[in-house]
Amino acid sequence: MEFYEAVNKRRTTRQFLQKAVDFEAIKRILEAGNKAPTWDHNRNWQYIILRTDEKKDYAFAEAKKIADRFDAERYLNMPRPYPITLGQKMYGYAMPRQLTMLKDAPYIIIPLFKSKQLNGEYVSKLNPFATIRGY
């Protein structure tokens, strides 16, 4: 598949298979990501990996409060001086599912950049943050 074809066919996924993911595979993926080229060969990455419901509940307590307040039906049907946009429809569909996706995921991986000192005095000192990559 050509690059632009892959970009144009990309879709957001909000439903996943209920299939176990071997934690060893997750570790291999993270190790491979840490071998990718980085600025100044920095490998100062650490990860928080949430695997239990208790840890996810604790980490997402504030997100749960926000999700509990969101009323998709009210949001989608509120009076507007213009027709509802596709973006608004997508938001009304996706917002209630955000927390569920996090809670249902077998692992939540939070990448952290370990730095002795954060100094933004010069733009080049922030280069390690340019190496952040999503998993």
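Modeller: The protein chain has six helices and two strands, in the order α-α-β-α-α-α-α-β from the N terminus. Helices (H or I, at least four residues) and strands (E, at least two) are DSSP runs, numbered from the N terminus. This is a predicted model, in which local features need pLDDT of at least 70 and side-chain atom pairs count only at pLDDT 80 or more, while totals for chains, interfaces and linings use all residues. Residues are numbered from 1 along each chain as its sequence is written, and side-chain values use heavy atoms, with hydrogens and water left out.

Biologist: Why is Leu 99 called buried?

Modeller: Buried means under 20% relative accessible area (1.4 Å probe, protein chains only). Leu 99 has 13% relative accessibility and therefore counts as buried. Leu 99 is placed in helix 6.

Biologist: Which residues is Leu 99 in contact with, leaving aside its neighbours within four places in sequence?

Modeller: Contact means heavy atoms within 4.5 Å. With those neighbours left aside, the partners of Leu 99 are Phe 60, Ala 63, Lys 64 and Ala 67.

Biologist: How do you know that Arg 80 has no salt bridge?

Modeller: A salt bridge requires a side-chain nitrogen of Lys or Arg within 4 Å of a carboxyl oxygen of Asp or Glu. For Arg 80, which is buried, the nearest side chain of opposite charge is Glu 73, 10 Å away; Lys and Arg count as positive, Asp and Glu as negative, and His and the chain ends are not counted.

Notes: Buried < 20%, exposed > 50% of the residue type's maximum accessible area, 1.4 Å probe, protein only.
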